[in-house]
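Hi,

Here is the structure I promised to pass on.

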Amino acid sequence: MPIISKRSRRLRKSHSLRDMVAETSLSKNDLIMPLFFKAGSNVKEEIKSMPDIYRYSLDLLVDKARELEDLGIKSVSLFPCIDEKLKNPKATEALNPENLNLEAIAKVKAACPDLMVMSDVALDPYNSDGHDGLVNPESGEIENDSTVEILAQMALLQAQAGSDIIGPSDMMDGRVGAIRKILEKNNYPNTLIMSYSAKYASAYYGPFRDALDSAPKAGDKKTYQMDFRNKVEALKEMEGDITQGADIVMVKPGLPYLDIVALLAQNSSVPVAVYNVSGEYSLIKNGAAAGLIDLDAAITETLTSFKRAGASMILSYFSEYYARELSH
Ligand code: PBG
């Protein structure tokens with residue numbers, strides 16, 4: 001018999017012991033549930049590419065927010081699906097003070113004052129070109145500075161509607177600073193900014209664009225979203241956003257970017273969030289439906305991996321299911 005002085009398996013010998021020595025814990029406090037909504041009433045429409053995820057009309061959105069709060073979820077992130085007729089190349093609906101998004105923020109906040117409402121700042125839901133910024137009609141370029149002016153106005157309207165956390169998901173340069181400035185000027189010093197700081201141009205956003213019918217009509221998003229070959233650049237984006245006034249920085253997508261999550265978590269002076277995006281969700285759901293993997297085990301393992309990498313919070317379409325079925 002060999003004498004083995006170090007037996008790592010000793011610490012794994014029972015469930016209780018494994019729980020005692022676990023280095024990472026996942027809680028529903030860490031989770032943010034993204035929600036899609038559209039105009040109308042009593043509408044609950046399944047998104048084809050995202051099994052069990054729906055677009056709700058505002059009445060049902062409010063019911064869902066209440067349900068999530070009762071489940072112990074602390075935050076939701078709201079994404080409007082805007083009627084095609086209201087979209088145009090200048091994305092003017094984004095600044096309509098009576099638009100669907102602002103109404104949703106106000107209604108959810110009124111029904112659930114303790115739920116942290118996060119709202120999205122980018123032009124793609126409102127832009128007939130499907131881009132996050134304005135498209136220059138001559139050059140086809142996505143304009144930065146004229147877009148940032150609109151984004152700042154959007155953020156102010158959202159703060160006025162009651163949003164707790166502004167989430168710029170557009171990747172224009174300088175938008176965090178512009179948003180912070182307009183919030184300060186208008187006396188919203190306590191509205192948070194969770195910046196999509198390291199947001200990569202990714203194939204994993206496909207089902208989300210289907211959910212909002214917001215895929216770019218021409219070109220791709222590579223002139224503003226990050227190149228997936230880059231890592232050091234994520235630090236530059238993060239530092240820029242923190243300097244400009246971001247309270248939380250985000251990495252997106254999640255699973256193929258755990259190295260980026262870890263890098264930012266090690267170097268950030270603010271909490272780091274991660275977005276477990278639509279493509280990641282749908283792959284797991286469809287894989288489980290096909291009998292390839294166990295759904296519950298895959299969800300817990302996936303969400304825990306984000307915590308292990310260093311994320312403080314996770315935006316995930318699994319949030320509701322995790323809180324309902326898997327957190328004990
Ligand atoms: C657009 C936006 C996207 C997502 C969130 N905000 C898609 C994109 O950049 O094209 C993706 C979220 C997901 O895939 O779950 N501003």
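Lys 221 is buried, because its relative accessible area is 5% and the cut-off for buried is under 20%. Please keep in mind that this is a predicted model. Lys 221 belongs to the loop that links helix 6 (206-212) with helix 7 (232-243). If you set aside the neighbours within four places in sequence, Lys 221 is in contact with Asp 124, Gly 130, His 131, Asp 132, Arg 209 and Pro 216. For a sense of distance, 23 Å separates the C-alpha atom of Lys 221 from that of Val 272, which is 51 residues away along the chain.

Now to the ligand, which I expect you will want to look at. Which residues come nearest to it? Of the 16 residues around the ligand, these are Arg 209, Lys 221, Lys 252, Ser 278 and Tyr 317. So Lys 221 is buried at 5% relative accessible area, and Lys 221 is also one of the residues that come nearest to the ligand.

Here are some polar distances to the ligand:

- Asp 124: an N or O atom of the side chain is 3.1 Å from a nitrogen atom of the ligand.
- Lys 199: a polar side-chain atom is 2.7 Å from an oxygen atom of the ligand.
- Lys 252: a polar side-chain atom is 3.4 Å from a nitrogen atom of the ligand.

Taken alone, the ligand exposes 400 Å², and the protein buries 100% of that. The ligand sits in the largest cavity.

The peptide bond from Lys 252 to Pro 253 is cis, and its omega is near -10 degrees. Pro 253 itself is placed in the loop between strand 10 (248-252) and helix 8 (258-267).

His 131, one of the contacts of Lys 221, deserves a paragraph too. His 131 sits in the loop between strand 5 (116-121) and strand 6 (134-135). Is His 131 buried or exposed? His 131 is buried, since its relative accessible area is 4%. The side chain of His 131 reaches the backbone oxygen of Ala 218 at 2.9 Å, and a polar contact of 2.7 Å joins the side chains of His 131 and Tyr 224. Not counting residues up to four places away in sequence, His 131 touches several residues, including Asp 124, Pro 216, Asp 220 and Lys 221.

The side chain of Asn 101 makes a polar contact of 3.5 Å with the side chain of Tyr 126. Beyond four places in sequence, the contacts of Asn 101 include Phe 37, Leu 78, Asp 120 and Gln 158.

Finally, two backbone angles. Asn 42 has a positive phi of about 55 degrees although it is not a glycine, and Met 171, also a residue other than glycine, has a positive phi near 65 degrees. Asn 42 lies in the loop between strand 1 (31-38) and strand 2 (44-47), while Met 171 lies in the loop between strand 8 (165-168) and helix 5 (175-185). Asn 42 is exposed, because its relative accessible area is 62%, whereas Met 171 counts as buried because its relative accessibility is 5%.

Best wishes

Terms used: Residues are numbered from 1 along each chain as its sequence is written. This is a predicted model: local features need pLDDT of at least 70, side-chain atom pairs count only at pLDDT 80 or more; totals for chains, interfaces and linings use all residues. Side-chain values use heavy atoms; hydrogens and water are left out. Helices (H or I, at least four residues) and strands (E, at least two) are DSSP runs, numbered from the N terminus. Buried means under 20% relative accessible area, exposed over 50%, partly exposed in between (1.4 Å probe, protein chains only). Contact means heavy atoms within 4.5 Å. A residue is near a molecule or strand if one of its heavy atoms lies within 4 Å of it. A polar contact is a pair of N or O atoms within 3.5 Å; within protein, one must be able to donate a hydrogen and the other to accept it, and residues adjacent in sequence count only if both atoms are side-chain atoms. Accessible areas come from the Shrake-Rupley method with a 1.4 Å probe; for residues, only the protein chains shown count as cover. On a 1 Å grid over the protein atoms alone, a cavity is a set of points where a 1.4 Å probe fits but cannot get out, and a pocket is an open set with protein on both sides within 12 Å along at least five of seven lines; lining residues have an atom within 4 Å of a point. A molecule sits in a cavity or pocket if more than half of its atoms lie within 2 Å of its grid points.
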